[in-house]
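Student: I have a model open on my screen and would like to go through it with you. Could we take it step by step?

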Amino acid sequence: VEEAYKINRENGDNHWAESIQKEMNDVYVAFHILDDDQAVPPGYQYMDCHLVFDVKFDGFRFKSRMVAGGHMVDTPAFLTYASVVSRETVRIALTIAALHDLEVKAADVQNAYLTAPTAEKVWTTCGPEFGPNAGKKALIVRALYGLKGSGASYRNHISDCMQHLGYEPCKADPDLWMKPKTHPEDGFEYYSYVLIYVDDILAISHEALQDLDKIDYYFKMKKESNQENILSCLHFFIG
């Protein structure tokens, strides 16, 4: 971080500083900063956190990514594996959509892991990127990238979302979520589908965009208790 700021000073720009600020605005929700007189609760393991820097080829965008040093702590006792929808399921779902003239809409969840609470008990010391909180102790309360159980934590979180919205997992593929619907125009009864591949979501129904809006609303409500300014959690990339 200090080297990134040094490069800014030498070049007379703020590219890395702006990149760091953007990333910290997104990931701050993952940290519960302790007061100076607060002790770390029993049972928590220490780990380092650090920023990874990169320059993207899409417009030479400066990118900073906060990651946790999950290699420094014990492997959680719970399952850390997160499944994804199969290629065959996607093909079958798209075929059904074509046969019944259903809408197909796609989206991804922005900062997906950070939307989920973490089941691991870990803490860290804030670095200079935390500004006035640098040097303070912080509990990691969200599924930060780099934690061993982040994938499973996010998978459980989005599963809770789908069940809350009335969907059930397919017995043949648990990452295909199904919900009975009736088409208002002709009374056709069918199952609407939501297919999940980590943070990529595919919705298939006669009102697919509205289905994605409901998922987006659920995630926004989950974030609202931690952030005052709520932006859309889903990024729609197919019209």
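**Salt bridges, strands and a helix**

Tutor: Happy to! Let us begin with a charged pair: Asp58 and Arg61 join their side chains in a salt bridge, with N to O at 3.3 Å. Keep in mind that this is a predicted model.

Student: Is Arg61 buried, partly exposed or exposed?

Tutor: A residue is buried under 20% relative accessible area and exposed over 50%. Arg61 has a relative accessible area of 39%, so Arg61 is partly exposed.

Student: How many salt bridges does the whole structure hold?

Tutor: Side chains of opposite charge can pair when their charged atoms come close. A search of the whole structure gives a total of 7.

Student: How far apart are the closest N and O atoms of Lys56 and Asp54?

Tutor: Lys56 has 30% relative accessibility, so Lys56 counts as partly exposed. Asp54, at 38%, is also partly exposed. A salt bridge needs the nitrogen within 4 Å of the carboxyl oxygen, and for Lys56 and Asp54 the closest N and O atoms are apart by 3.8 Å.

Student: How many residues apart are Glu207 and Lys181?

Tutor: Their side chains meet in a salt bridge of 3.1 Å, N to O. The pair links distant parts of the chain: Lys181 lies in strand S9 (residues 176–182), and Glu207 lies in the loop between strand S11 (200–205) and helix H5 (208–224), at a separation of 26 residues.

Student: Which of these two, Glu207 or Lys181, is buried?

Tutor: The cut-off for buried is under 20% relative accessible area. Glu207 has 22%, so Glu207 is partly exposed. With a relative accessible area of 11%, the buried residue is Lys181.

Student: How far apart in space are Glu168 and Lys179?

Tutor: Glu168 is found in strand S8 (residues 168–169). Its relative accessible area is 57%, so Glu168 is exposed. Glu168 and Lys179 are 11 residues apart in sequence, and their C-alpha to C-alpha distance is 6.5 Å.

Student: In the hairpin of S9 and S10, which residue in the turn has a positive phi?

Tutor: S9 and strand S10 (residues 189–197) are antiparallel and pair over 7 bridges. One of the partners is Leu195 in S10, which stands across from Leu176. There are 6 residues between the two strands of this hairpin, and the turn residue with a positive phi, about 75°, is Gly187.

Student: Now the open sheet of 4 strands: which are the edge strands?

Tutor: The order of this sheet is S1-S7-S6-S2, and its pairing is mixed. An edge strand pairs on one side only, and that describes strand S1 (31–33) and strand S2 (45–46).

Student: Which residue in S7 is the bridge partner of Trp123?

Tutor: Strands S6 (residues 122–125) and S7 (residues 137–140) pair over 3 bridges in the antiparallel sense. In S7, the partner of Trp123 is Leu139.

Student: Last one: about how much accessible area do Val55, Phe57 and Phe60 have together?

Tutor: Val55 is found in strand S3 (residues 49–56). Its relative accessible area is 33%, so Val55 is partly exposed. Val55, Phe57 and Phe60 form a nonpolar patch on the surface, and their accessible area together is about 380 Å².

Conventions. Residues are numbered from 1 along each chain as its sequence is written. This is a predicted model: local features need pLDDT of at least 70, side-chain atom pairs count only at pLDDT 80 or more; totals for chains, interfaces and linings use all residues. Side-chain values use heavy atoms; hydrogens and water are left out. Two strands pair if DSSP finds at least two bridges between them. Patches are made of residues with over 30% relative accessible area and no salt bridge: like charges are joined within 9 Å, nonpolar side chains (Val, Leu, Ile, Met, Phe, Trp, Tyr) within 5 Å. Accessible areas come from the Shrake-Rupley method with a 1.4 Å probe; for residues, only the protein chains shown count as cover. Buried means under 20% relative accessible area, exposed over 50%, partly exposed in between (1.4 Å probe, protein chains only).
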